Structure formats: C-alpha cells, structure tokens
Amino acid sequence: MNIFVCVKQVPDTETKIVPTGDGSFIETSSIKWIMNPYDEFAVEQALLVKASNAAANVTVVRVGSVKDTEALRTAMAMGADDAVLVEAADNLDSFSIAKALKGAIDKTGKKPDLILAGKQAIDDDALQVPQILAEMLNLPSVSVIVGFELSGSTAKVKREIEGGALEVYEVNTPCILACNKGLNTPRYASLPGIMKAKKKPMAQYSLSDVGVSDADRRVKYSQFRLPPEKPPGKKFDATDAAKQAEVVAQVIGLLRTEAKVL
Amino acid sequence: MANVLVFAEQHDGHVKPVTLEILGKLAGQTADVVVFGDVSAEQIALLAKNGAQNVHKLKGTNLDKYSPEGYANALAEFIKSKNYDYVFGGATSVGKDLLPRLATKFNAGLASDVVNFVFEGGNFAGTRPLFAGKCLAKVEVTGPKPHFVSIRPNALGMTANPTAGAGTASDVNANAGEIRAAIKEIIKAASTKVDLTEANIIVTGGRAMKNADNFKILNEMADVIGATVGASRAAVDSGFAPHSMQVGQTGKTVAPALYIACGVSGAIQHLAGMRTSKVIVAINSDPDAPIFTKADYGIVGDLFQIVPIMTQEFKKLLGK
Amino acid sequence: MDFALSTEQREIQELALKFARNEMIPHAQEFDEKGTFPKDIFKKAWELGLVNTCIPSEYGGTGFTSVDGVVISEALAYGCMGMNTSFMANDLALLPIVIGGSDEQKKKFLTPFTESFKIASFCLTEPGNGSDAGGIKTSFKDGGDHWIINGEKMWITNAGYADLFVVYGTIGTNLKHKGISALIVDPKSEGVVLGKKEDKMGHRSSDTRGVRFNNVKVPKENMLGKAGEGWAIAMATLDHSRPLVASSALGGAQRALDLSIQYAKERIQFGVPIAKHQAVQFMIAEMGMKVEAARLLVHKAAWMCDQGQRNTEIASYAKAFASDSCMQITTDAVQIYGGYGYSKEYPVEKLMRDAKLIQIYEGTSQIQRLVMARELLK
C-alpha cells in the first residue's frame with residue numbers, strides 16, 4: 001500500500017512576522033521553521049495505517065526551500081519510510097504547490113493508495129492544496145477530517161463542519177484526506193527515530209524536474225504590511241439605567257461591524 | 001465592468017449572509033447568483049435587493065446534499081455554459097472545500113479567505129490576512145479565467161444601501177456526475193460545551209457575581225452566542241464556580257476571538273490567562289478597574305442589569 | 001570553530017524541549033508541592049530515548065556524545081530541575097559502569113536499561129561524609145565468594161524506586177583513597193533498608209532517602225574494576241557527570257530568564273512595563289550574560305569528553321559557574337516578579353528553591369573551587 005503525506009514547513013507560531021522593506025514578502029532570515037501543525041496529524045494517521053498494514057510504505061513529500069529539511073526529517077523520525085523534496089521558494093501559491101506535489105508523487109513511480117495532508121498551512125491559511133491535488137489526480141477527497149476508519153479499501157471518515165456537526169463520508173481508496181486537529185495524537189519523534197531518519201532515502205528535485213514553472217502561478221501576493229494597530233479601548237458609561245440599552249446596542253454593533261467577531 | 005457569478009449556499013431556507021455581503025460589495029459589476037435547489041420568493045427578492053441580476057437554481061439527482069465532486073461537476077458544467085470573469089463564494093465549510101476543486105477544473109486560481117476587495121478597471125484586487133493575521137497582503141488572481149475568489153464571512157459587512165438587481169430566477173438542469181465520496185449520515189454537534197482552552201467565545205464571571213446561582217445569567221448569554229463560561233480566581237476562591245472554570249495564572253490559559261469579562265477586576269493573574277484574546281469586552285461598575293486598560297470595549301455599569309440586556313441584544317443580532 | 005549545534009543536535013534539542021513543555025511543565029508545580037515521583041513521565045522520557053544517554057551504542061544505547069547528553073539534559077531541566085535530577089541519577093549511576101566496568105558487566109547491567117524502563121541510584125554520600133567523600137566508612141568485607149556491605153548512605157536520589165544501586169565503600173579505611181571500591185548492588189538484596197523519603201526545600205518530586213546496608217551480600221563479580229580502584233573510577237566519572245549536572249542548572253536558569261523577560265514586558269508600574277526600568281533591565285542583562293557563559297562552559301566541558309581530553313578543570317568551572325549563576329538568576333527572577341514571585345501561584349519561587357541544591361550536590365561550589373585551584377596551581 002502506498003501512502004503519501006504532503007507536508008509544509010511554516011514559520012513557528014511564536015515568530016515575529018516582519019514584512020520586507022519593499023512589501024514583496026516577509027523577512028525570512030530569523031524565522032524558526034516547523035512542520036505545519038496540521039500536517040502532524042496527517043503523518044500520524046499515515047503511521048497508524050502503516051501499523052495495521054505490514055506492506056504499507058509511507059512517503060513524505062514537501063515543496064519548499066532546502067535550507068532546513070526539518071519537516072521531512074521529523075516525519076521520517078516519527079516513522080515515515082522515505083521522503084521527496086521539491087526545491088522551491090517558500091512563497092509559492094497553492095496551485096503551483098499542488099502541481100509540484102503531483103509531479104513529485106509521479107516521480108516516485110508509486111501509485112498512491114492514500115494521500116494525507118493537513119487541512120491548511122498556517123502560513124497562508126489557504127485551505128486549497130489537498131482539493132486542488134485531488135482534482136489534478138482525479139481522486140475523490142474529503143477535508144477537515146476528525147475521524148478515520150479504514151477497512152480494506154473503504155475509508156469511513158468524519159468531516160467537521162460549521163457549528164461542530166460531523167458529516168460521515170464513505171470513500172474508496174485511492175483518495176485524498178485533509179486532516180484536522182482531533183483526528184489523532186501525533187507521536188513524538190523518538191531519539192532513536194531521529195538517528196534512524198538520517199539513513200532514510202530522500203530524493204530531491206527542482207520545480208522544472210516536476211514540470212512546474214512561474215507560468216503555473218495563479219495567485220499573486222504583494223504589499224505585505226503589518227495590520228493596523230489595534231485602536232485604544234473604548235469605554236462606555238452605562239451607569240444611567242436610561243442609557244443602558246443604547247450602550248449595549250452600540251457595543252454589540254461594534255463587535256459585529258468593527259471588531260468583526262460576531 | 002466584470003461578469004461575476006456568486007455561489008450561494010442556503011441554511012434552513014435562508015441564503016447565508018456572506019452571499020449578501022458579497023453581492024453588496026459587487027456593486028458596479030454584473031453579478032449573477034447560482035444556488036443548488038429551490039429558493040423561496042422571499043430569498044430571491046433579498047438577493048435581488050442586494051444586487052443579483054439573475055438567480056440560477058441548479059437542480060438534479062444527487063445534488064440535494066453537498067458532495068465535493070457532485071457540486072463541482074454541476075457548477076463546472078454551468079459555468080462552462082456561460083462567460084464569467086469571476087466566480088465568488090463564501091469561505092464557509094462548503095466553500096473552502098468546493099472552490100479549490102472547482103477552480104482547478106478550469107486550470108484557474110482561487111484567492112481564498114479574502115477580507116476585502118475592490119475592482120480596479122474590471123480587475124479584482126483583494127486584501128487578505130496571512131501568517132495567522134500577523135500581516136496583511138494584496139492578493140490578485142492570474143492565469144486562465146474565470147478567476148475564483150472566496151470571501152471570509154462577516155469580513156465585508158452588509159452594504160448599507162445596496163444597488164438592486166433584476167433578480168430574474170430560473171431553473172437549470174444540472175448533472176452531479178460520478179460521486180465517489182458521499183455523505184452517509186450527519187451527526188449533530190454534541191450539546192456539551194467546548195472546553196475553555198478551545199473556545200472561540202468565552203464569558204467569564206468575577207467576584208462581583210456574588211454567588212454561584214448568579215452565573216445563570218452568564219450561562220444564558222453563553223447559550224445565545226455559543227460561548228463557554230469561565231470564572232476568575234476570586235470567583236472560584238469564593239466558591240462561586242469550580243476550579244475547572246478558572247481562567248488565569250493558576251487556571252486555564254485561553255485564546256478566544258471574543259472574551260467577555262463580567263465583574264472581573266482584571267488582576268494580573270487573570271490577565272495572564274486571557275491576554276491573547278482577540279477582542280476583550282469588560283463590564284464592571286468600577287470605572288478604574290484594571291481590566292479596562294486591556295479591554296477593547298469597556299462598559300461601566302452594573303453587570304446584573306447590563307448582562308441580560310446584552311443577552312437580548314445578542315438574540316436579536318443572531319436571529320434567535 | 002563552530003559554536004553551532006549540528007542539525008541533528010537541534011532536532012534532538014527540539015524533541016527534548018517539546019517533551020519538557022508538553023509533559024513536564026504542566027505537572028512540575030503539582031509534583032513539587034505534593035512530592036510526587038514522576039514515574040510515568042520518567043518512563044515516557046525513556047521511551048523517547050531521552051534518558052540513559054551515557055550508555056554506548058555497543059551495549060544498546062543510542063550512541064550519543066557528551067554534548068548531545070548535555071543538550072538533552074538542559075532541555076529537560078528547562079521543564080523541571082527536580083524531575084531532571086531523577087532522570088540524571090540514572091546516568092550518574094551507570095557512568096561508573098561505563099567507565100570502569102568489564103565488557104561482561106556492561107552487557108549484564110547496562111544493556112537491560114536499554115531494553116526496559118529501569119531506574120538506578122548512585123550511592124556515595126554518607127551521613128558523616130559528604131564533601132569528604134574520600135573518608136567514606138561503608139565497609140566492603142571479603143566474604144569469600146561474595147562481598148559483605150555494612151554502612152549507611154544518605155541523600156540517595158531515586159532510592160525508593162531503584163532497580164540498581166552502584167555503591168561506593170571501602171575495603172579498609174586505613175588505606176584511605178586506595179581502599180575505595182565500587183559495587184553493583186541489587187536493591188532487593190537482603191539487608192538493604194530504605195530510609196523514609198526526605199522532605200526537601202526543592203527538587204521535591206525527586207525521591208531522596210537514606211539507605212542502610214546490614215550485612216548485604218554482593219557477588220564478587222559485581223565489583224567494578226578491582227578492589228581499591230573505586231576512587232579512580234569515581235574521579236573519572238565526575239569529569240562526565242559534572243557537565244551533565246551543570247547543564248541542569250543551565251536549563252533552570254534559562255527558564256528563569258525566559259519567565260523574567262515575559263513578566264517584565266507585561267507588568268506595568270509607574271505607567272510603563274517594568275522592562276523599561278533600568279534596574280530590571282540590568283538584572284535581565286546579567287541573567288542573559290551568565291546563561292550564555294554557562295552554556296559555553298558546559299558545552300566545552302562536554303566537548304572535551306568527546307575528544308577524549310581530560311576536562312577536570314573545565315568541568316569544575318562549568319559546574320560551579322552554572323549552578324552559582326542559576327542561584328543568582330532564579331533569585332533575580334523572584335525579585336523581578338516582586339510579591340507575585342514570592343507566591344506559589346507563580347513558577348519562579350520553585351526555580352529558586354530548586355537552584356540551591358545544584359550548588360550543593362555533585363561537588364559543592366566550594367569543593368569545585370578547590371579542584372579548580374589545584375588544577376591551576378599544579
């Protein structure tokens with residue numbers, strides 16, 4: 001059984017984000033890179049499937065810069081068998097990334113039975129790559145999964161939707177599943193695992209090797225800037241019983257229109 | 001002037017508000033709406049009022065329920081029969097899942113989770129937050145058309161005086177095509193409240209709650225807005241709430257989008273537990289309470305009067 | 001000269017810090033207050049390969065260098081110095097076997113620690129002999145085909161839970177250092193009596209007891225090296241264990257520094273965050289300077305071990321400097337937190353209580369200075 005896990009390396013959540021002087025992207029020199037947290041659930045699920053499928057092979061695939069291959073090494077330290085890296089800048093758009101992932105999977109010569117990914121990457125929060133990849137590979141997909149059962153070649157998955165309700169899908173492999181928090185508890189990479197990972201194979205390709213070029217970009221970002229400073233807090237006097245209803249209506253209105261939290 | 005199609009979703013017979021937000025903002029462009037299934041005359045009028053020229057109702061077998069492939073196949077077929085420059089949708093559960101697949105059918109791009117936009121001479125230019133909102137960027141779509149855009153619900157807001165459209169409704173036969181991943185059942189959300197540490201909205205009671213019974217008014221508010229109720233250390237130490245509800249240095253650390261502190265003074269131990277809340281509302285009768293230095297919106301007054309009024313106002317706002 | 005950790009070391013550090021944050025910190029306060037032995041956490045750490053780093057790969061160990069070992073230990077101490085004392089005690093006990101044991105002894109006693117979760121204790125100190133370790137009185141009497149141990153040990157870490165003791169005693173106090181020997185003892189042996197758990201100022205989750213040996217019989221083959229070679233083994237062990245213990249102080253100091261910076265930015269007095277007041281800035285600057293210097297000493301001392309160089313002098317510098325600095329840094333952390341720092345509601349008072357022990361065990365700061373002077377004035 002061939003299982004592929006798509007992982008992305010993203011800035012650590014504690015990292016201070018600073019736009020570059022010309023606004024073309026963010027400063028990357030002092031960023032601490034980590035495996036996208038949602039991808040950890042995907043890696044863990046792949047390893048769980050492998051645990052009950054002796055012949056299963058887990059390949060981790062990543063599209064991104066080569067400076068630190070932490071995400072791939074961590075995945076292999078957790079138990080993935082091998083890795084593929086497509087070297088690319090860290091600011092590719094979802095379409096290009098999906099196309100590169102497809103190219104990388106094709107290069108392995110292994111026909112995918114199951115492709116897992118995190119539901120979103122916390123750098124661009126686009127929530128697109130798994131679905132784009134599914135369409136490119138002509139495979140069914142279910143995203144935001146929090147429950148997974150595989151019997152034979154039928155996967156029964158639970159998809160989380162607004163309001164916390166769950167849609168239960170049945171889908172046959174091969175398919176693509178985008179994982180959400182709550183699906184499982186990702187294991188630590190053990191220290192022996194980290195040592196073993198050094199010897200596991202990692203193939204490396206360029207974007208052109210996998211058939212991707214600048215012409216594949218579909219979404220352009222520019223004018224990166226810090227969000228406007230939070231305005232100073234507003235204080236409202238509601239001690240006068242006559243004014244209370246008005247003040248409350250005003251504040252709640254602001255919560256909707258200004259703060260946009262309702 | 002761009003030719004735009006807006007994909008609308010319905011919930012309980014009502015078009016989702018994000019559709020109306022999008023339509024309102026598309027004034028100046030030609031906007032059609034496409035929706036699956038039947039739409040009441042009242043909803044069509046609402047769509048027209050906000051700018052829809054045409055409302056296309058797609059109907060066909062296996063399209064009564066959402067499926068990524070079914071909806072994508074049917075919509076793709078419809079879009080191919082027309083000539084749209086842009087396809088917009090809400091970045092809802094369905095939108096986030098459907099639109100990337102749909103766009104790829106056209107070898108086209110999708111700008112997702114956009115919070116604002118303008119049209120510069122018929123060309124879309126949007127704004128979206130990146131890196132968990134730590135920065136903003138301009139976003140544009142390039143490549144084959146139509147270009148796809150998903151809009152974050154509640155980001156645009158409703159347009160005060162929208163430009164109305166003709167709102168001509170028509171039925172369209174649609175084909176779901178082959179569906180390989182289908183919904184077998186839907187499990188309603190459990191009624192148990194979300195844990196404080198995961199909650200998106202939190203309402204906290206402080207020492208001024210006076211006793212445990214009074215937390216009832218906070219529970220009522222929480223039920224309306226879907227919040228989890230917490231307590232300050234002072235409230236817990238006084239026996240008004242169990243330790244499991246405590247937010248603060250020796251309690252839980254929370255990071256909700258909205259934190260409503262009722263009768264909480266805002267001692268440093270409490271702030272330690274909730275200071276990364278996105279928006280903080282404080283209600284306290286003491287105008288000098290430290291919590292007001294941290295609150296985005298502070299209401300000086302008696303919480304026992306203010307909280308019930310807020311609950312009623314929330315009910316009105318959320319249509320409950 | 002490359003001061004940077006290798007990519008692999010950084011991954012190892014990441015894992016250890018993740019473990020410290022997720023598994024240790026959430027329980028540190030409670031375990032300290034209640035004096036709870038962190039058995040499950042210890043076992044989890046063992047499962048991930050984070051403990052027993054001194055066991056060579058030939059005997060089933062992961063094959064870590066000393067530098068790897070101090071990097072891991074610093075990260076675990078960041079989580080809790082008390083719990084780390086329990087974890088480190090395994091290495092302190094097993095190191096004499098690694099250094100002075102025969103191949104057979106290593107297979108018999110080290111390898112099982114790599115196969116299942118086991119706990120060890122290192123028994124040197126006695127009620128009447130701490131710094132004056134050379135004067136220990138626990139006797140090893142030749143009983144023919146076995147040794148007979150009589151004596152009392154004190155302040156033994158992990159004693160209540162150990163599966164293995166490494167005990168130092170003497171075959172004759174008249175021989176002074178030349179009588180000191182080391183024996184591997186099964187804690188379940190007849191005649192071993194555990195004292196009650198000591199109620200300590202800090203490192204309260206670590207189990208510390210006195211242990212009495214009443215005519216305890218130990219097989220002859222359990223002696224490390226020959227009778228009278230114990231002192232040399234002990235001294236060689238210190239060169240490895242002192243950097244390790246120093247790294248524990250370093251981890252605690254780093255935690256105190258991080259917490260101080262966080263609080264200084266939040267706490268407002270006189271209208272500004274206290275981080276804007278120079279008195280606070282100077283304290284934090286001192287902390288940063290000392291942590292960095294301590295880290296360099298610890299890493300160099302460990303690096304020298306790996307190079308096979310004698311590192312006694314640097315190991316002493318590292319141990320004394322790191323632990324003395326940790327005491328100052330954690331005290332300043334409480335100072336920066338002010339009244340809140342004095343309360344158990346905040347984590348810094350525990351760090352201050354924990355720091356004190358590291359100035360005392362594994363060679364007091366005073367003994368370290370004697371070692372340093374001796375090396376310098378040779």
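**View 1. The interface of chain A and chain B.** In this predicted model, chain A and chain B bury about 6600 Å² between them, and carbon and sulfur atoms give 56% of that area. On the side of chain A, the residues that lose the most area to chain B are Glu135(A), Arg218(A) and Leu262(A), which together account for 10% of what that side buries. The contact itself involves 77 residues of chain A and 72 residues of chain B.

View 2. Five salt bridges are found by the rule across the interface of chain A and chain B, and one pair that forms a salt bridge is Glu135(A) with Arg101(B), whose closest N and O atoms lie 3.2 Å apart. Glu135(A) is also among the three residues of chain A that lose the most area to chain B.

**View 3. Elements of chain A that touch chain B.** At least two residues each are supplied to this side of chain A by the helices α4 (129-137) and α6 (241-257), and likewise by the strands β7 (141-151), β8 (154-160), β9 (166-172), β12 (219-225) and β13 (234-237). The element that gives the most is α6(A), with 10 residues. By residue class, the side of chain A that touches chain B divides into 39 nonpolar, 15 polar and 23 charged residues.

**View 4. Strand pairing between chain A and chain B.** Strand β9(A) is joined by six bridges to strand β13 of chain B, residues 181-187, and the two strands run antiparallel. Within this pairing, Val168(A) has Glu185(B) of β13(B) as its bridge partner.

**View 5. The interface of chain C and chain B.** Here eight residues from chain C and six residues from chain B take part in the contact, and the two chains bury about 720 Å² between them, with 48% of it on carbon and sulfur atoms. Two salt bridges are counted between chain C and chain B; Glu266(C) forms a salt bridge with Arg275(B), the closest N and O atoms being 2.8 Å apart. Three residue pairs, both residues at pLDDT 80 or more, are found in polar contact across this interface. Helix α6 of chain C, residues 230-266, gives the most to the side that touches chain B, with three residues, and that side as a whole divides into four nonpolar residues, one polar residue and three charged residues.

View 6. Thr92(B) lies in the loop of chain B between β6 (86-90) and α4 (93-105), and it counts as buried because its relative accessible area is 4%, under the 20% cut-off. Its side chain makes a polar contact with the side chain of Glu9(B) at 2.4 Å. Leaving aside residues up to four places away in sequence, Thr92(B) touches Glu162(A) of the partner chain as well as Glu9(B), Lys16(B), Val18(B) and Pro153(B).

**View 7. The surroundings of Val94(B).** Val94(B) lies in helix α4 of chain B and is buried, with a relative accessible area of 13%. Residues up to four places away in sequence not being counted, Val94(B) touches Arg159(A) in chain A and, in chain B, Phe7(B), Glu9(B) and Tyr66(B). Val94(B) and Ser67(B), 27 residues apart in sequence, are 8.9 Å apart in space from C-alpha to C-alpha.

Methods. Residues are numbered from 1 along each chain as its sequence is written. Chains are lettered from A and ligands numbered from 1 in the order in which they are written. This is a predicted model: local features need pLDDT of at least 70, side-chain atom pairs count only at pLDDT 80 or more; totals for chains, interfaces and linings use all residues. Side-chain values use heavy atoms; hydrogens and water are left out. Contact means heavy atoms within 4.5 Å. Buried area is the accessible area (1.4 Å probe) that two parts lose on being put together, summed over both. A salt bridge is a side-chain nitrogen of Lys or Arg within 4 Å of a carboxyl oxygen of Asp or Glu. Helices (H or I, at least four residues) and strands (E, at least two) are DSSP runs, numbered from the N terminus. Ala, Val, Leu, Ile, Met, Phe, Trp, Tyr, Cys and Pro count as nonpolar, Asp, Glu, Lys and Arg as charged, and the others, Gly among them, as polar. Two strands pair if DSSP finds at least two bridges between them. A polar contact is a pair of N or O atoms within 3.5 Å; within protein, one must be able to donate a hydrogen and the other to accept it, and residues adjacent in sequence count only if both atoms are side-chain atoms. Buried means under 20% relative accessible area, exposed over 50%, partly exposed in between (1.4 Å probe, protein chains only).
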